Amino acid sequence: MESSDAVVQGTSNDAAVSRESAARLGYIDDPFIRHFVKRPLRRAPLINRGTHSRFDGVQRILRQFIQQTQKDSQGHACGQIVVLGAGMDTSYFLLRQQGLLPRRYFEIDFSDITAKKAATVYRSSALRALLPEDTVVAEGGSELHSAEYSLLGGDLRQFESQVVPKLMARGFDSSEPTLFLSECVLIYLDPQHSDAILNWITANVAHAGILTYEQILPTDRFGQMMIENLRARGLELRGLHAYPTLQSNSQRFLDLGWHSAVAVDLATYHEQLLEPLERERLAKIEFLDEWEEFILLAQHYAFTFAFTSQSSHFAHMDIEKPN
């Protein structure tokens, strides 16, 4: 029987398969994700549509952050991005290809995951060509180190004792504006562990922002079915009942003294925050005849964007603001 850690790690492959399906069909523009998927599958239209909204929301915030931190007083790129539980995410390569990068970009995940990612990157000439010239392979092949980009192995449950020292060793600067990104990661941690990460950020990073993407609404019929389906696969959403609603997801940051926090579910994002022309484009890719099911599914996933201070880097950012 697989350990619970191994089952959770498997979700990174599920996310990559969904992203590859959406990219191959033209929902999203991600030419790199195919390198991380050995057995492509065509996902159902409602999954492809949801993957598009998830991708769009994350890219929206990443690009806003880079636009706000592109130049310091000397005209150099500034700011940091830290991806918690990065899995096979390709955002670094997408941003690098477009010349849109902060000063430092960190990805963190279990060492087994980072080893697979590092190996895949080096097998692909397209990905390898986008690595900084000073990139070196470290920790027996499970990490990549450079001044700009670092892929680091670590257990988020041991954030302060295990992950923070690695970040610091690779040049993390707590005085710089820093955006943290977490997609379906914190919710798999016991609240004591996810709260410990946020407590550390609150106490140590002067100008921090975070974008999370998590499941919500565990008590209605669909939510209960979602939990049961995941439990049948050996997955527990350990943080779901502690932060079950849009309001509680934003309030957890406000209770820590963060300056602002806004949560929006994926259904609202799709219906109100995507440009009408983009929704028309999506409708032409595949016919979505499970519309009510899609809305129900999308209501059970949410973005939360929060930041700690009134720093201009974050004050002009908004998950509800178009690209």
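Predicted model: local features only at pLDDT ≥ 70, side-chain atom pairs only at ≥ 80, totals over all residues.
I read residue numbers as counted from 1 along each chain as its sequence is written. Local features need pLDDT of at least 70, side-chain atom pairs count only at pLDDT 80 or more, totals for chains, interfaces and linings use all residues, and side-chain values use heavy atoms, with hydrogens and water left out.

Cores. I looked up the nonpolar cores, each a set of buried Ala, Val, Leu, Ile, Met, Phe, Trp, Tyr and Cys residues joined through side-chain atoms within 4.5 Å, where buried means under 20% relative accessible area, exposed over 50% and partly exposed in between, with a 1.4 Å probe and protein chains only. The largest has 70 residues, and Phe303 and Phe305 have the most contacts inside it. Helix α2 (residues 45-69) gives the most to this core, with seven residues; helices here are DSSP runs of H or I with at least four residues, strands are E runs of at least two, and both are numbered from the N terminus. I also noted a second, separate core of 26 residues, including Leu152 and Val185.

Cavity. I asked which elements each supply at least two residues of the lining of the largest cavity, and found α7 (191-204), β7 (208-215) and α9 (246-254).

Leu25. This residue is found in helix α1 (residues 4-25) and counts as partly exposed because its relative accessibility is 22%. I recorded a C-alpha to C-alpha distance of 8.6 Å between Leu25 and Arg42, which are 17 residues apart in sequence.
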